[in-house]
Amino acid sequence: MLKVLYAGSPLASAMVLQSLIDSSQKSSLFKICAVLTNPPSMRGRHHDLVPTEVAACAAKNQIPTLEFDHLNSEAREACEPYDFDLLVSFDYGRIFGPKFLGMFKFGGINLHPSALPKYRGCTPVPAAILNGDRELGICVQTLALKTDEGNILAQDKIQLDGSETTLFLMDGDKNSSPVTKTGAELLLKVIESIASEGKIPQGAEQEGPSSYTPFIRKEDGIINWNETADLIDRKIRAYTPWPLASTVSGDKKLLILKGEPSALAGTGGTDCAPGTVLAFDKAKGIQIACGGGTSLFVKQLQWQGKNPLDHESFMNGARDFIGSRLGDNIN
């Protein structure tokens, strides 16, 4: 039986872990013997220490948890007694060095939500949304010393219709999502193949132009109304759930949570400055002028520190909103 160490931290990774645990309980080919995750983090007003979602999943399934800030000699010593065969990683967030990878009989494999070598790095799903892609690749690759440069062992695609958010694609309903469902199926296929064959397949070398996705910064979510409505809509969806798209109304921060791009045709508003709140339509939303002769119908908004509101509820308490101009980053 293949002895597996699973490495991951956030909710999407926990969903994949649970799927693999469920599959392992029906199979004699592999077992998740322990999980590797980030240490608990301080959250909330009282700075309570909260474990990662992967740690919580492991605890629920009575699986030992290994938590380290650095994968140094202490981490390797903690792993040695398990005599692991394979490292399986998805969204762990730390780099595996040669000494750590050398502890595993068959090395390691990694789940990555992009069609590698496209969108290497830490934010492939937001990158796909930002670029308006109509499909999202899912790959299982061998773990290499350079980021996301391992051979491809399995891959699939998820079709996109242009309405998806990062939250939906990664976390879904907190039990399953497009990425975690497809990813878990691919990982299971590869793990069972390794267990049956007694080796990691050679896989295929990555081909084509490569790109690296950067860390997302909080300020990336600030809306520039000079950009087209289509680009602003993609940013709203890419930056959900973090950092969320935001603007300024008067002296207050306003989150724009959901919108629909449109042309300004027929409104008489083509000469309005970007960021101008043009009109309110009960069916479509609150219309805001954007760059390039476009506009965005905003359907869900949230004042900082308040609850999210649909456009009708928001307008009930915003009498002077129409005609105002949003944003403090407009030239």
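Which element gives the most to the lining of the largest pocket, and with how many residues?

Mentor: Helix H6 gives the most, with four residues. The model is predicted, so local features need pLDDT of at least 70 and side-chain atom pairs pLDDT 80 or more, while totals for chains, interfaces and linings use all residues. Residues are numbered from 1 along each chain as its sequence is written, and side-chain values use heavy atoms, without hydrogens or water.

The largest pocket has a volume of about 1,500 Å³. Among its 48 lining residues, Pro-10, Asp-91, Gly-93, Cys-122 and Thr-123 are the closest to the centre. (On a 1 Å grid over the protein atoms alone, a pocket is an open set of points with protein on both sides within 12 Å along at least five of seven lines; a cavity is a set where a 1.4 Å probe fits but cannot get out; lining residues have an atom within 4 Å of a point.) Volume is the space filled by probe spheres set on the points, which are joined across faces, edges and corners.

Besides H6, at least two lining residues each come from helix H1 (11-24), strand S3 (41-43), strand S7 (108-112), helix H5 (124-130) and strand S9 (135-142). (Helices, H or I of at least four residues, and strands, E of at least two, are DSSP runs numbered from the N terminus.) By class, the pocket lining holds 26 nonpolar, 15 polar and seven charged residues. (Ala, Val, Leu, Ile, Met, Phe, Trp, Tyr, Cys and Pro count as nonpolar, Asp, Glu, Lys and Arg as charged, the others, Gly among them, as polar.)

Within H6, which covers residues 166-171, sits Asp-171. Asp-171 has a relative accessible area of 18% and is therefore buried. (Buried is under 20%, exposed over 50%, partly exposed in between, with a 1.4 Å probe and protein chains only.) Beyond neighbours within four places in sequence, Asp-171 is in contact (heavy atoms within 4.5 Å) with Leu-11, Ala-12, Met-15, Thr-166, Ser-176 and Ser-177. The C-alpha atom of Asp-171 is 13 Å from that of Val-54, 117 residues away along the chain.

The largest cavity has a volume of about 50 Å³. Its lining includes Asp-220, Glu-227, Ile-232, Lys-235 and Tyr-239, and divides into six nonpolar, two polar and three charged residues.

Next, the charged pairs. The count is 12 salt bridges, each a side-chain nitrogen of Lys or Arg within 4 Å of a carboxyl oxygen of Asp or Glu. One of them joins Asp-83 to Lys-3 at 3.3 Å, N to O. Asp-83 lies in the loop between helix H3 (73-79) and strand S6 (86-89) and Lys-3 in strand S1 (residues 2-7), so this pair ties together parts 80 residues apart in sequence. Lys-3 counts as partly exposed, because its relative accessibility is 25%.

Asp-233 and Arg-237 also form a salt bridge, with the closest N and O atoms 3.2 Å apart. Both lie in helix H8 (residues 229-238), four residues apart, so about one helical turn separates them. Asp-233 and Arg-237 are buried.

In another salt bridge, Glu-260 pairs with Lys-299 at 3.7 Å between the closest N and O atoms. Glu-260 is in strand S13 (residues 252-263) and Lys-299 in strand S16 (residues 294-303), so this pair ties together parts 39 residues apart in sequence. Glu-260 is partly exposed, with a relative accessible area of 44%. Salt bridges with shared partners also join Arg-217, Glu-219 and Asp-220 into one network.
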